[in-house]
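Please look over the chain shown here.

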Amino acid sequence: MADLLDQVTPLILTYNEEANIGRTLEGLGWAQRIVVVDSGSTDRTLAILAGFSQVDVVTRPFDDFAAQANFGLGLIRTPWCLSLDADHGITSAFRAALARLIAAAERDAVAVRTPFRYLVHGRPLRSALLPPRINVMRPGCGSYVNDGHAHRFLPSGRVLELAEPILHDDRKPLDRWMETQRRYLPQEVHKLRTTPRHQLSRADRLRQRHVIAPFAVLLLCLIWHRGLLDGWRGWYYAFQRMLVELMLSLMLWEARNGASIDD
């Protein structure tokens, strides 16, 4: 099983991730090499990275996520890349499932779509709004494109599905999260206003209905995704997601009406 994982190199993008990166790297002790593309961190991120001998750090000024990820993919020398955010966690169950999938993968399979399990303050929720996404790919068999504030991988061949989730465990403070949302939301507004409706996901089509979207998201988190059963963590996550949608709704109104928003 370990020999199969020698075919996989993790790739991580970082910028001021001292709250998360150590935990992520601890789950990657099996990796022979880990490529980190850092955007010029000014906190303890680089010092933490230096404590892991298999980590190769390359500094690249940030332009956009897709360019950063594609640059990182170009540094991978193994048959497979495991592309992670700095707040992702890899469990032993995921590691074993990935090794089995690689062993059985045929040559036309070029990428793997994985689900996520969302954690709040280190405890997993029963469910969340995070959709599955491609996190494992063969370098040279596709590329990343920007998608609103985020990025996604467009494969050039067949995509496999993995049932075992990656953990999402962001422990940066709330004020950092809010600062990040203020930076990302204008990109989401641009995406929702310029992308043809048939090309948007079901979630983004709901976001275009910005009068009801915040309340719909609250109900989805608490009822459909059973956040009510997660105690205060479920409410915390639901309020976070509702706050994002409220801010997005205001920005969509402003973008559509300009100076007349207060009329």
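A residue counts as buried when its relative accessible area is under 20%. The model is predicted. By that cut-off, β1 is mostly covered: seven of its seven residues are buried.

**Strand β1**

In a regular strand, side chains alternate between the two faces of the sheet. Both faces of β1 are covered. V8, P10, I12 and T14 are buried on one side. T9, L11 and L13 are buried on the other.

β1 has pairing partners in β4 and β2. The table sets out the two pairings.

| Pair | Sense | Bridges | Residues facing each other |
|---|---|---|---|
| β1 and β4 | parallel | six bridges | P10 and L82 |
| β1 and β2 | parallel | four bridges | L13 and V37 |

From β1 the chain passes through α2 and on to β2. This β-α-β crossover is right-handed.

**The cores**

Which residues have the most contacts inside the largest nonpolar core? They are I12, L28 and L82, in a core of 31 residues. Several elements give two or more residues to this core: β1 (8–14), α2 (21–26), β2 (34–38), α3 (45–50), β4 (80–85), α5 (92–104) and β6 (109–114). The most comes from α5, with six residues.

A second, separate core holds 17 residues. V37, A66, A111 and F153 are among them.

Leaving aside neighbours within four places in sequence, L82 is in contact with V8, T9, P10 and L11, among others. The contacts of L82 also include L28, W30, I90, F94, N135 and V136. One of these, P10, is the bridge partner of L82. Another, F94, is a buried residue of α5.

**Helix α5**

α5 has 13 residues. From its first C-alpha to its last, α5 reaches 19 Å. That is close to the 18 Å expected at 1.5 Å a residue. Which residues of α5 are buried? They are F94, A97, L98, A99, L101 and I102.

**A216 in helix α8**

A216 lies in α8, which covers residues 213–224. Is A216 buried, partly exposed or exposed? A216 counts as partly exposed because its relative accessibility is 22%. The cut-off for buried is under 20%.

A216 and N70 are 146 residues apart along the chain. Their C-alpha atoms are separated by 35 Å.

Conventions: Residues numbered from 1 in each chain as written. Predicted model: local features only at pLDDT ≥ 70, side-chain atom pairs only at ≥ 80, totals over all residues. Heavy atoms only, no water. Buried < 20%, exposed > 50% of the residue type's maximum accessible area, 1.4 Å probe, protein only. Core = buried A, V, L, I, M, F, W, Y, C linked by side-chain atoms within 4.5 Å. Contact = heavy atoms within 4.5 Å. Expected span 1.5 Å × (residues − 1). Pairing = 2+ DSSP bridges. Right-handed = clockwise from strand over helix to strand, strands pointing away.
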